[in-house]
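Here is a friendly walk through one structure, with a stop at some backbone details, a helix pair and a nonpolar core. Have the coordinates open as you read.

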Amino acid sequence: MTIQISAAFDSGNIRVVGQEGDRVDLEIVRDHLSDFYQWFHFRVAGARGRTLTFRIVNCAGSAYPFGWPGYKARVSTDRIAWRMAPDTSYLDGVLTWTHRFDTELAWFAYFAPYSMERHDDLVARIALQPGVTHRELGQSLDGRAIDYLRMGEGPKQVWLYARQHPGESMAEWWMEGALEKLVDLSDPTARALREKATLHVVPNMNPDGSFRGHLRTNAAGVNLNREWHTPSLERSPEVLCVRDAMDETGVDFAMDVHGDEAIPANFLAGFEGIPGWTDALGEKFYEYARRLAAATPEFQIEKGYEKAAPGKANLSMSTNQLAERYGAVAMTLEMPFKDHDPNPDAEFGWSPERSKRLGQACLDTLAGFIDEV
């Protein structure tokens with residue numbers, strides 16, 4: 001029986017370049033109008049009873065080739081549980097793994113996908129909850145909604161937004177966990193936070209890139225997290241409509257949720273280097289990170305990005321822009337495509353379930369910290 005390989009679905013991305021016996025050679029397709037690529041997601045049919053070796057042969061030219069060593073591909077037979085392919089290896093620019101097909105179908109991905117269909121389900125479910133207001137802030141270049149959910153009645157203005165980089169699907173799993181906690185009226189921490197803060201949530205900043213199977217850009221090949229200084233309707237309407245809404249409310253605390261290709265840990269990046277930096281504002285960011293690390297083994301503060309030198313912050317990035325523009329305690333949360341090495345899981349690695357739990361831990365920490373923002 002002939003093997004069929006397809007990526008013609010929501011967030012799909014792969015191209016078959018060759019097959020010899022039980023070896024299949026593949027390439028990841030570049031983001032539209034961009035040189036970025038690293039996200040892959042495809043389905044295999046017709047291979048039951050066979051063991052196939054998959055090789056992605058163009059990894060050396062990907063956006064972050066230094067992220068492949070130590071990485072393991074994800075595989076699922078039900079599109080619910082996504083396990084790591086344990087024999088994944090990277091050598092000479094080629095990512096390789098094998099899979100024994102005991103089922104009719106199997107799916108493979110860079111990380112557990114979060115489909116636009118699931119996004120729509122999440123937004124619909126949360127919008128029905130008591131005390132939640134939904135707005136469509138604007139539309140993407142492909143005409144998709146930029147969904148916004150508001151809840152809480154307190155004076156502190158908290159903004160949570162995710163998936164500027166669409167291939168970082170763990171960010172929307174984080175959002176699902178955070179939103180489920182926020183609308184749980186039996187949760188005393190969530191109730192306390194909603195009394196002290198108004199929460200503004202954008203679960204997916206880049207629906208076009210998410211659907212198209214992009215790693216990092218929107219439909220125009222634009223990296224949205226380099227547009228926050230001068231967003232435009234032509235290049236980045238997704239950022240423009242969100243930043244305009246932030247201008248309406250102001251921002252006291254902001255978290256931009258992402259995934260990182262290389263570092264095997266969860267960590268926060270701050271706003272060092274902005275022109276308006278003060279030690280007092282910076283200390284609030286550092287204190288939040290310390291409290292989050294104390295609250296959950298799924299977070300740590302030893303590993304992370306280098307800090308920008310004084311005056312050298314890139315104000316086109318949202319965290320820097322919001323800290324400078326509003327004096328916000330702003331931060332970028334990064335989760336791994338690999339695993340959280342301080343607290344590893346040999347079967348699943350970093351996963352949707354753990355992303356959701358981290359979202360809830362972030363809110364628990366914020367609830368005890370919000371008075372200090």
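Ser11 is buried, with a relative accessible area of 1%. In this predicted model, Ser11 sits in the loop between β1 (4–6) and β2 (15–20). Ser11 is not a glycine, yet its phi is positive, at about 70 degrees. Asp92, another non-glycine, has a positive phi of about 55 degrees. Asp92 belongs to the loop between β8 (89–91) and β9 (94–100), and it counts as exposed, at 72% relative accessibility. Here are the two side by side:

| Residue | Phi | Relative accessible area |
|---|---|---|
| Ser11 | about 70 degrees | 1% |
| Asp92 | about 55 degrees | 72% |

Now to the helices. The axes of α1 (residues 116–127) and α2 (residues 170–182) come within 11 Å of each other and cross at roughly 15 degrees. Angles under 35 degrees count as roughly parallel, and α1 and α2 are therefore roughly parallel to each other. Their crossing is left-handed. On the α1 side, Arg118, His119, Leu122, Arg125 and Ile126 meet Glu172, Trp173, Glu176, Leu179 and Glu180 of α2. Sorted by class, this contact has four nonpolar, one polar and five charged residues.

Which residues have the most contacts inside the largest nonpolar core? They are Phe40, Trp174 and Met255, in a core of 105 residues. Helix α2 gives the most to this core, with eight residues. Leaving aside residues up to four places away in sequence, Phe40 touches several aromatic residues, among them Trp68, Tyr71, Trp97, Phe108 and Tyr110. The contacts of Phe40 also include Ile14, Ile28, Ile56 and Leu95, as well as Asn13.

Definitions and conventions: Residues are numbered from 1 along each chain as its sequence is written. This is a predicted model: local features need pLDDT of at least 70, side-chain atom pairs count only at pLDDT 80 or more; totals for chains, interfaces and linings use all residues. Side-chain values use heavy atoms; hydrogens and water are left out. Axes are lines fitted to C-alpha atoms, for helices over the stretch in contact, and angles run from 0 to 180 degrees between N-to-C directions. Helices (H or I, at least four residues) and strands (E, at least two) are DSSP runs, numbered from the N terminus. Angles under 35 degrees count as roughly parallel, over 145 as roughly antiparallel, 65 to 115 as roughly perpendicular and the rest as oblique. A crossing is left-handed if the near helix is turned anticlockwise from the far one by less than a right angle, and right-handed if clockwise. Contact means heavy atoms within 4.5 Å. Ala, Val, Leu, Ile, Met, Phe, Trp, Tyr, Cys and Pro count as nonpolar, Asp, Glu, Lys and Arg as charged, and the others, Gly among them, as polar. A nonpolar core is a set of buried Ala, Val, Leu, Ile, Met, Phe, Trp, Tyr and Cys residues joined through side-chain atoms within 4.5 Å. Buried means under 20% relative accessible area, exposed over 50%, partly exposed in between (1.4 Å probe, protein chains only).
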